[in-house]
Protein chains: 2
Amino acid sequence: MLFSMGRPRNFDEKQVLESVREQFWNQGYAATSLQDLTDATGLGKGSLYGAFGDKRQLFLHVLDGYRDEQLNGVRAVLTGPGTAFERLTLLVEGVAAGFTEDPQRRGCLLVNSTSELHSNDPDVVSRARTTYQAVEDLLIACVKEAQDDGTVEPDADAQELGRLLLAVMQGIEFLAKTGMGGPALLQISHAALKQLSRH
Amino acid sequence: MLFSMGRPRNFDEKQVLESVREQFWNQGYAATSLQDLTDATGLGKGSLYGAFGDKRQLFLHVLDGYRDEQLNGVRAVLTGPGTAFERLTLLVEGVAAGFTEDPQRRGCLLVNSTSELHSNDPDVVSRARTTYQAVEDLLIACVKEAQDDGTVEPDADAQELGRLLLAVMQGIEFLAKTGMGGPALLQISHAALKQLSRH
DNA sequence: GTTGTTCTTTACCGTATGGTCCATAACTAG
DNA sequence: CTAGTTATGGACCATACGGTAAAGAACAAC
């Protein structure tokens, strides 16, 4: 009596969230209608609302999952194997290479969402802020490591260089959306890393 | 008979376009309704449609005007008075300073529009591409000038440095939207320029 | 004045929107 | 079986959407 299970769910929550994410990723928040979401997931409105709340809650839910994944990915690279400089290279060039390989060039969902909603949605902004602060911290730590092993000029300001790398990564992301060619994107990432190394 | 003037317009086209631009700037394309536009301009739908066509045409019209203004502004700075390095500094720091001063942080309308619509609107992408290609060219030319007067290492690749500056500018723009502090934004612009100068 | 043309205003259209409700189905506990 | 609970799927709602049509107003030419 205390625990009646009720009718079991007919869908895989992970799969549904993935479909929803694809929709928001493809069209953005405002341009995605509830019908788009029900079409993409196969669920009725009732199920969607019962399980995740309204459109906005669902969006934030998806965004949180995405942010966690991405942040873990960045952390994995920057604290992974290889020298500190190699890890920085892997990350920064990875951004450019990712776009070179993806013809659709949808970019990062968190970046897109921030760009679309930053003026009118403080919740999205706060997610963006904490996330990129975390990435910044990881970058700075990695730059310091590279200074310790002598790859990067020890007298340089690690914070300054870490933030610069963060900005360059985001700049590449944007320029990719303008249709800048893959080689040019890679050139930018090379340039940024070249500036880092001792000279 | 050949030239009947008909009823004269009751509005100032420039003023209307400015109001429309503010709306699109504040809310983005998809989130701006026709009613928002009629409210902002004071015009009826009929007038708006008669004068500028539908929502999309009106948007592109506004975007073109904005792009021209911005590009002229960049050109004015990069080909204006002062040494080449001073002009580059003025431009790059100007991006950061602009955000520091604007509490709303709406950013550049062309950037916002590109971010929102690049996946589904080739017309917007093509406008972005030509614009940023033009800015890139101006930057590269200015870097070359700085190399000629000895401020920047003459053996460096001017194209590479110009593109790097472009990316950093766009990176700053994005990070501003995430709420990064003004001093940090300025620090990034300083870092980029510091990398340029001979060492 | 009349005619021709253009602009403005309002009413209107069909549809899509985000969101709710409810009858019913599917399950567990007893 | 019955009672309790939860999920489903479609009906339903008010409203907002982008866009059109039509009637009248304001002007120039004559």
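From the N terminus on, the elements of chain A run α-α-α-α-α-α-α-α-α, and the chain has nine helices and zero strands. Helices (H or I, at least four residues) and strands (E, at least two) are DSSP runs, numbered from the N terminus. The model is predicted: local features require pLDDT of at least 70 and side-chain atom pairs count only at pLDDT 80 or more, while totals for chains, interfaces and linings use all residues. Residues are numbered from 1 along each chain as its sequence is written, and chains are lettered from A and ligands numbered from 1 in the order in which they are written.

Taken along the principal axes, the C-alpha atoms of chain A fill a box of roughly 70 × 45 × 30 Å. Of its 199 residues, 39% count as buried; a residue is buried if 20 or more other C-beta atoms lie within 10 Å of its own, exposed if 12 or fewer, and partly exposed in between, with C-beta atoms placed from the backbone. Two residues are in contact if their C-beta atoms, placed in that way, lie within 7 Å. Among contacts in chain A between residues at least 6 apart in sequence, 65% join residues at least 24 apart.

Chain A is divided into domain 1 (11–53) and domain 2 (60–196), with bounds that come from an automatic or database domain assignment. The centres of the two domains of chain A, taken over C-alpha atoms, are separated by 28 Å. Ten residues from domain 1 of chain A and ten residues from domain 2 of chain A take part in the contact. On the domain 1 side, helix H1 (residues 13–27) of chain A gives the most, with six residues. That side divides into seven nonpolar residues, two polar and one charged, where Ala, Val, Leu, Ile, Met, Phe, Trp, Tyr, Cys and Pro count as nonpolar, Asp, Glu, Lys and Arg as charged, and the others, Gly among them, as polar.

Between the chains, 40 residues of chain A are in contact with 40 residues of chain B. Helices H6 (109–117), H7 (122–148), H8 (158–177) and H9 (182–196) of chain A each supply at least two residues of the side that touches chain B, and H8(A) gives the most, with 14 residues. By class, this side of chain A has 19 nonpolar, 15 polar and six charged residues.

A rotation of 180 degrees with 0.0 Å of shift along its axis superposes chain A on chain B (RMSD 0.0 Å). That is the relation of a two-fold axis. The superposition is by least squares on the C-alpha atoms of residues with pLDDT of at least 70 in both copies. Of the residues of chain A, Gly171(A) comes closest to the rotation axis, at 2.0 Å (C-alpha). Of the interface residues of chain A, 98% are also interface residues in chain B, so the copies meet through the same surface.

The largest nonpolar core has 108 residues, and Val168(A) and Val168(B) have the most contacts inside it. A nonpolar core is a set of buried Ala, Val, Leu, Ile, Met, Phe, Trp, Tyr and Cys residues joined through C-beta atoms within 7 Å. Not counting residues up to four places away in sequence, Val168(B) touches Ala167(A), Val168(A), Gly171(A), Val92(B), Ile188(B) and Ala192(B).

DNA strand C is surrounded by 27 residues, the closest being Ser33(A), Gly6(B), Arg7(B), Asn10(B) and Gly46(B); a residue is near a strand if its C-beta atom, placed from the backbone, lies within 6 Å of it. H3(B) gives the most to this surface, with four residues.
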